[in-house]
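Dear colleague,

I am passing on the structure below, together with notes on what came out of the analysis. Please read the notes beside the coordinates when you have a moment.

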Amino acid sequence: MRVLVLNPGSSSLKSSVIDTAGESIDPLAALSLDWGVDATEGADPADDIRALLVRYEEAGVPAGSLAAVGYRVVHGGERFREPVLVTPAVVETVDELRPLAPLHNGVAVATMRAGLKAIPNLPHVAVFDTAFHSTLPEDAYRYAVPERWYAEWGVRRYGFHGISVAWSAERAAELLGRPRAELGLIVAHLGSGCSVTAVDGGRSVATSMGLTPLEGLVMGTRSGSIDPGILFYLRREGFLTEDELADQLDHDSGLVGLSGRTSDVRELLTAEAEGDARAALALAVFVSRAAECIAAAATSLRHLDALVFTAGIGENSAPIRARITARLGSLGLVPVGEDAVREDAVLSAPGTAPAVLRIEAREDLVVARAAARVIESTG
Ligand code: ADP
């Protein structure tokens, strides 16, 4: 089944066409477009989707050959624990979850509306990043706050990047030649957003992101975990408004905030080599927080068989992998080398346990397969 996968981000829409019955896991074609849904006031985003279909046609994938459209949606709350057929009511419910992930769900809603309008003849399926974490035990998803915060206001850890983590867990089993059911894994998804998830027998048992994708590791522009007392202090003293706080924690913090220049790890490594102290500090904080979250995740596993690095930084930055693993000797990890690796691979020496793996994030594949399953099961 050929599935058009739409993975909307804040500034771009990544897309690909996957043949779920094909021999190869590679997409038939992949295209992305600038997706300033908020910026294009007045313009109809459905026109962008129609234009995308024309480009796929030119790339040898005619619209008529597509059987479904799949969407990556970040926040499914407690409502969506499985992939679902997209209906206008589903879009409304995702929209209602917007307060939990304003950036991400807003753009997902706009994309689903545009998709339904531009391609009305196909079934559409939404796949949720939070769903993989629906197996979290209660002691992993509850915060130690008054009961009412959870019971009435839904304050709990949800976790994100689940679609990526699900693929890493499946692929790790292949690379290690062992059944997923017996593996204890930690997946470090280090992209523009960063998270760590402990996966026991294919199930998420602990994860670093929380109610929102702001908790946990230091990210490109997001702070990750900070003392909540900082927020009260900055508000009480009148240094920042609530909107400024939200905006600066999301956009002006993380690697950008510490370095004062960029969220791009490549540029930071170059600047560090040239003697830029702030760039060096940004990388050091990033590495130390990542190692801390990985070590914390290990406490939720019965045994740690492998640490997986995935997403933009995890896949491509050998120096960062080397620095993080060098901090994890207490978990029995041996630091991996700094050589660039372009394919999915076991990076650690044969027989080393825990192993260290490099796996390309393939949200598109997971979304396409889930969409195919939903459509086949609903006939
Ligand atoms: P997202 O899908 O969340 O946008 P990605 O998984 O594509 O994120 O990762 C994007 C991040 O990966 C960016 O911060 C980018 O700077 C980083 N990145 C990409 N290639 C490299 C590289 N060779 N070395 C270090 N960082 C990289």
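The lining of the largest cavity divides into 3 nonpolar, 4 polar and 3 charged residues, where Ala, Val, Leu, Ile, Met, Phe, Trp, Tyr, Cys and Pro count as nonpolar, Asp, Glu, Lys and Arg as charged, and the others, Gly among them, as polar. The residues concerned are Gly77, Glu78, Phe80, Arg81, Thr130, Ala131, His133, Ser134, Arg156 and Tyr158; a lining residue has an atom within 4 Å of a cavity point, and a cavity is a set of points on a 1 Å grid over the protein atoms alone where a 1.4 Å probe fits but cannot get out. This cavity has a volume of about 80 Å³, the volume being the space filled by probe spheres set on the points, which are joined across faces, edges and corners. The count of cavities of 30 Å³ or more comes to 1.

Please keep in mind that this is a predicted model, in which local features need pLDDT of at least 70 and side-chain atom pairs count only at pLDDT 80 or more, while totals for chains, interfaces and linings use all residues. Residues are numbered from 1 along each chain as its sequence is written, and side-chain values use heavy atoms, with hydrogens and water left out.

As for the fold, the protein has 14 helices and 12 strands, which are DSSP runs numbered from the N terminus (helices H or I, at least four residues; strands E, at least two). An open sheet of mixed pairing is formed by 6 strands in the order β9-β8-β7-β10-β12-β11, two strands being paired if DSSP finds at least two bridges between them. Because β9 (203–207) and β11 (345–346) each have a single partner strand, they stand at the edges, and one side of each is left without a neighbour in the sheet. Helix α13 (residues 318–326) packs on this sheet and touches β7 (184–190), β10 (306–310) and β12 (355–358), contact meaning heavy atoms within 4.5 Å. Strand β8 (residues 194–200) runs antiparallel to β9 and is joined to it by 4 bridges, with Thr197 opposite Thr207 in β9.

Leu6 stands opposite Ser15 in β2. β2 also pairs with strand β3 (residues 29–34) in the antiparallel sense, over 6 bridges, and here Val17 stands opposite Ala29 in β3.

With best wishes

Technical notes: Axes fitted to C-alpha atoms, helices over the stretch in contact; angles between N-to-C directions. 1 Å grid on protein atoms, 1.4 Å probe; cavity = no way out; pocket = protein on both sides within 12 Å on 5 of 7 lines; lining within 4 Å.
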